[in-house]
Structures are given as structure tokens and as C-alpha cells.
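Could you have a look at this one with me?

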Amino acid sequence: MGVAKAYILSAQIDEASFSETLVDLINANNYSVIAVPVSKFFKTAIAITAQKLSAPLIVDVIDLKQSGNVLEVTYNGIGNRAQVTVKVTDRAFLMAPPARFKPVEKATAISTETLQPKAIPSIKVVSTEEKPKGKVRIEDAELIVSVGRGFKKQDDLKLAFELAEVLGGAEIGCSRPIAADLKWLSEDHWVGLSGHKVRPKLYVAIGISGQPQHLAGMMESKTVVVINNDPNAPFFKNCDYGVVEDLYKFVPALTKRLKELLKK
Ligand SMILES: Cc1cc2nc3c(=O)[nH]c(=O)nc-3n(C[C@H](O)[C@H](O)[C@H](O)COP(=O)(O)OP(=O)(O)OC[C@H]3O[C@@H](n4cnc5c(N)ncnc54)[C@H](O)[C@@H]3O)c2cc1C
């Protein structure tokens, strides 16, 4: 089964107007499963649409199986720590990472229809403000050195920055308290359930305890190194290499050694 029909919007619209247009389209055609790729636009537009139609929205979908009238939807749940499968028998909205599902063959005859978007006069943009553009795109980073509350003061973060530099320009990540409470780093660096999801080749966690909400953002990292002075820190159960040591001793020594090795 491929694409049978494509709707083309005659104009670019915002999330709220898109949602209004989509609600009409779904109601007119009685569409039951509405699937979209994750994007900034859809995160808002689909959430509004699902709410308007009182239908569930399942995010981070990784697999779908149809059996009769039942659609089995598997998604990364419980803070990314489990794959959950639910049976969908009624209308549902699904959101999946863009590259998760391979495109199927195109149908031979696609019909198209141009839609006039429904404008919503009740929503008025009062002002827009550009998000400050930092250099950090932590989601795309291949190497991340991440810092937690094990650091005693903001100035000490330079130990992590030095290590990141020696590693060839790793990005700096952090746990929630560092960005949200202490505000030592901007939210661009925040990794976790409520922060950014990362999947680098190397994730070095320094002075981070490894609570599930942090793990939820970095579990897909290829190699995880944990440096923590508490042997019972939960992070040690979720790493490839663990170093039980005071970060103030270990991190400068590691940086020094790597520098020496790279000089050779
Ligand atoms: C709804 C919700 C969403 C959340 N979302 C997120 C999220 O997205 N990301 C996130 O990170 N958290 C999130 N949290 C918070 C999370 O539960 C933890 O509180 C947080 O991750 C802890 O941060 P931490 O590990 O830096 O600090 P702590 O838990 O205080 O851990 C500090 C660690 O540093 C170690 N340490 C101390 N001194 C040293 C030293 N000298 N050398 C080496 N190690 C040392 C300690 O042994 C300890 O393990 C969320 C919580 C909730 C309730």
C-alpha cells in the first residue's frame, strides 16, 4: 500500500490553522489513524488536533502491526526505558521519528486535492522572538561530555570543557539541575526526559547520578563512560566503562594523559 491521495495546502499556515484544517479533513473522511513525523511544527499542531478530537496521541512510535481491525502500536515509553505495545481500535494520532519507517512504494495513480487552509481569526500572534542561536546542537553531537551536580561550582566546569576540547571538540551536555536550577549552562545543553535526546558515539557523564529522567535522554548513546565518586550511583548500572573516583582528581588526569597521547 502506498500513497493513494495527497492533500496540498494552498498556503503556508501556522499550527493552529493547520489543526483546524486537519480536524475538518479527518471528520469529513473519517480517517482513523493519523501518523506524522516528529517535527517542531507537528509537535504543536498534532497535539492541538488530538485534543480537539479527544483522541490519544502516541509519541515516539517505533513499530506498527495491523491485525484485523486492531492496530498494534509499539513506542518507546516509561522515559525511554521500555518498549510499550498498545492495541488501537479507535481513532489515534501517532508521531514517529522521521527515519524510523522506510517509505513504501508509491501508488501508481496518486490523486491530489488542494485544500484551502482554514484561518483562525481568534488566534493573533502578538509578537515573535527569535531563540538565541548558540553553537550547541547537542542532538547531533557525536561526542558529548556531560556534567552534573558533582561539580561544586560553575567555574569548575572548565575541567569538562578542557576534556571536551582534547577529545576533539566534544559538545557539553548536562543534567537538569545544571541548566534548570543552577543555570550554569543554557538549556541547549540539557539532556534527558525533559531536555534533549542525544545519541552520540561517546557519552562521558561526570558527576551525574544517573536518574531515569537523565538516562531517558542518552540511552541510545553507543559508548557510555561514567565518572562518579559514589560506587552505588545508579549510572554505573547503565554504562560501558565506569570510573569510581573524585572527578576533581580524575578528570584533569585524564585530560593530561589524552593530551600526551595525542602529541605522540
Ligand atoms: C518530571 C521530571 C523530569 C526530569 N527531567 C530530567 C532531565 O531531562 N534531565 C535530567 O538530567 N534530570 C531530569 N530530572 C531530574 C532527575 O530526577 C535528577 O534529579 C537529576 O538528573 C539529578 O542530576 P545530577 O545527577 O546532576 O545530580 P545528583 O543526583 O545530585 O547527582 C550528583 C552526582 O555527582 C556525584 N558526585 C558528587 N561529587 C562528586 C565528585 N567530587 N566526583 C565525582 N562524582 C561526584 C554524586 O555521587 C552523585 O551521584 C527530572 C525530574 C523530574 C521529576
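Predicted model: local features only at pLDDT ≥ 70, side-chain atom pairs only at ≥ 80, totals over all residues.

1. Length check on helix 6. This helix runs over residues 247-263, and its 17 residues should span 24 Å at 1.5 Å a residue. The C-alpha atoms at its ends are 24 Å apart, so the geometry agrees with that estimate.

2. The start of helix 6. The N-terminal end is capped by Asp 246. One of that residue's side-chain oxygens sits 2.9 Å from the backbone nitrogen of Tyr 248.

3. The buried side of helix 6. Leu 247, Val 251 and Thr 255 are the buried residues here. They cover an arc of only 55 degrees around the axis, so they end up on the same side of helix 6.

4. Turned away from the buried side, you'll find the exposed residues Lys 249, Lys 256 and Lys 263.

5. What helix 6 packs against. Its buried residues are in contact with helix 3 (158-166), strand 11 (202-206) and strand 12 (223-228).

6. Over to helix 3. Its buried residues are Leu 159, Ala 160, Leu 163, Ala 164 and Val 166. Their arc around the axis is only 165 degrees, which puts them on the same side of helix 3. Among the elements covering them are strand 9 (143-147), strand 10 (171-174), strand 11 and helix 6.

Methods: Residues numbered from 1 in each chain as written. Heavy atoms only, no water. Helix = DSSP H or I, 4+ residues; strand = E, 2+ residues; numbered from the N terminus. Expected span 1.5 Å × (residues − 1). Buried < 20%, exposed > 50% of the residue type's maximum accessible area, 1.4 Å probe, protein only. Arc of directions from axis to C-beta. Contact = heavy atoms within 4.5 Å. Polar contact = N/O pair within 3.5 Å; in protein donor to acceptor, adjacent residues only side chain to side chain.
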